[in-house]
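Hello,

Here is the structure I promised to hand over. Please have a look at it first; my notes follow below.

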Amino acid sequence: MELRDAVDGYESWLANYMALTADDLTRKHQLMATAPFTFFRATYFRWSAQWPTLSRPEDQSAFPVLGVGDLHIENFGTWRDLEGRLIWGINDFDEATRLPFSQDLVRLAASAHLAIGAAHLTLRRRVATTAILDGYTEGLAAGGRPFVLEENHEWLRAIVTSRLRNPIAFWNKLTALPATTAPPAVRRLLAESLPRPGLRFRVAHRVAGLGSLGRPRYVALADWNGGCVAREAKALAPSAWNPGAADGSRHAHYAEVLATAIRIPDPSVRVTDAWIIRRLAPHCTRIELVDLFRERDESRLLFAMGFETANIHLGTPGARVAISRDLKRRPSDWLHQAAKPFAEAVTTDWLAWKSRGQRRRRPGPGTVVRR
């Protein structure tokens with residue numbers, strides 16, 4: 001399918017589940033033209049459509065798990081658990097669904113290939129994919145283990161608590177968001193998520209993400225006991241991995257992943273059929289690519305990403321034995337070789353998108369035009 005038709009088709013499909021924000025979609029289209037890695041993050045639907053033709057037969061038939069779907073090196077962040085401990089791990093499960101275990105690994109490796117091409121990483125591509133696969137294999141062998149950044153993982157804690165996550169800058173940016181009006185049901189969910197019943201708050205519109213840019217996002221901002229607190233509601237839809245299988249159902253697998261993975265939960269997260277509600281705070285958010293590899297301990301961090309991917313896949317019964325057996329049969333460079341055609345396809349698509357520019361989008365059914 002021609003690229004622009006694929007973009008329009010996906011957005012029309014997504015509009016069946018939510019009222020898309022036209023201004024945010026326009027911004028998304030503009031950002032897609034800036035770099036291959038940005039294009040990659042914004043177009044999981046394109047990746048999914050190309051999987052049957054670009055992936056190898058052994059990857060298409062690999063053991064099915066409840067996976068992340070839209071996995072990449074920027075889909076990692078931190079949150080606080082019930083004990084106030086800082087936890088690191090995969091940050092977003094918008095596209096979670098049942099798919100071959102290899103899909104998450106190939107996509108994570110392809111994202112590393114693209115980051116290396118943009119000079120965000122200094123490792124060679126083969127070294128990067130080896131680090132991911134080694135971490136994944138060790139995670140399986142260990143039976144999984146969450147990343148608690150307290151007495152352990154000092155090197156990782158240093159990265160995720162860097163100066164770029166300064167709370168003053170974070171709250172200044174959040175409190176400057178423009179006011180908007182949330183639907184009554186969403187406002188009720190936000191109110192229920194705040195730390196005290198009846199706490200007064202205002203609702204703001206937040207522009208964030210790339211794959212989810214264009215979906216409605218509402219942020220509740222309040223003052224509580226001398227400081228700011230925030231909660232975000234983001235619209236959910238079925239995964240773009242196999243959109244035709246949804247048959248109009250709103251079902252997403254976000255809550256199922258959180259419940260089954262080897263994971264320490266964020267107590268602020270609540271998932272409904274149509275929304276995910278979570279806390280926003282300086283250390284409860286995604287970590288940007290420029291900050292992730294600031295310390296240049298790249299191989300160690302990619303190893304941790306592979307290990308955390310195993311934490312998610314181990315939530316599927318039988319995954320540990322079946323996947324370990326599969327990996328023993330594969331050549332050592334299989335992940336590197338599997339990622340190459342996808343990274344090349346993303347670059348080809350990006351060049352086509354960039355060279356032709358973005359025509360003015362015609363809002364589809366249910367789309368909200370934000371003035």
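Strand 3 (residues 86-90) and strand 5 run antiparallel and are joined by 2 bridges. Two strands count as paired if DSSP finds at least two bridges between them. Helices (H or I, at least four residues) and strands (E, at least two) are DSSP runs, numbered from the N terminus. Trp88 has Phe147 in strand 5 as its bridge partner.

Before going on, some background. This is a predicted model, in which local features need pLDDT of at least 70 and side-chain atom pairs count only at pLDDT 80 or more, while totals for chains, interfaces and linings use all residues. Residues are numbered from 1 along each chain as its sequence is written, and side-chain values use heavy atoms, with hydrogens and water left out.

The sheet is open, has 3 strands in the order 2-3-5, and pairs antiparallel. Its edge strands are strand 2 (76-80) and strand 5 (147-148), each pairing on one side only. Helix 13 (residues 298-313) packs on this sheet and touches strand 2, strand 3 and strand 5. Contact means heavy atoms within 4.5 Å. The direction of helix 13 makes about 80 degrees with that of strand 3. Axes are lines fitted to C-alpha atoms, for helices over the stretch in contact, and angles run from 0 to 180 degrees between N-to-C directions.

Why is helix 13 largely enclosed by the rest of the structure? Because 13 of its 16 residues are buried (under 20% relative accessible area; exposed is over 50%, partly exposed in between; 1.4 Å probe, protein chains only).

Strand 7 (residues 217-224) and strand 8 (residues 227-235) pair over 8 bridges. Trp224 stands opposite Gly227 in strand 8.

**A helix pair**

Helix 6 (residues 101-117) packs with helix 7 (residues 125-142) at an angle of about 145 degrees, axes 9 Å apart. Among the residues that meet are Phe101 and Leu105 in helix 6, and Ile132 and Tyr136 in helix 7.

Ala35 sits in the loop between helix 2 (22-32) and helix 3 (36-42). Ala35 is partly exposed, at 23% relative accessible area. The C-alpha atoms of Ala35 and Thr347 are 8.6 Å apart, although 312 residues separate them along the chain.

Best wishes
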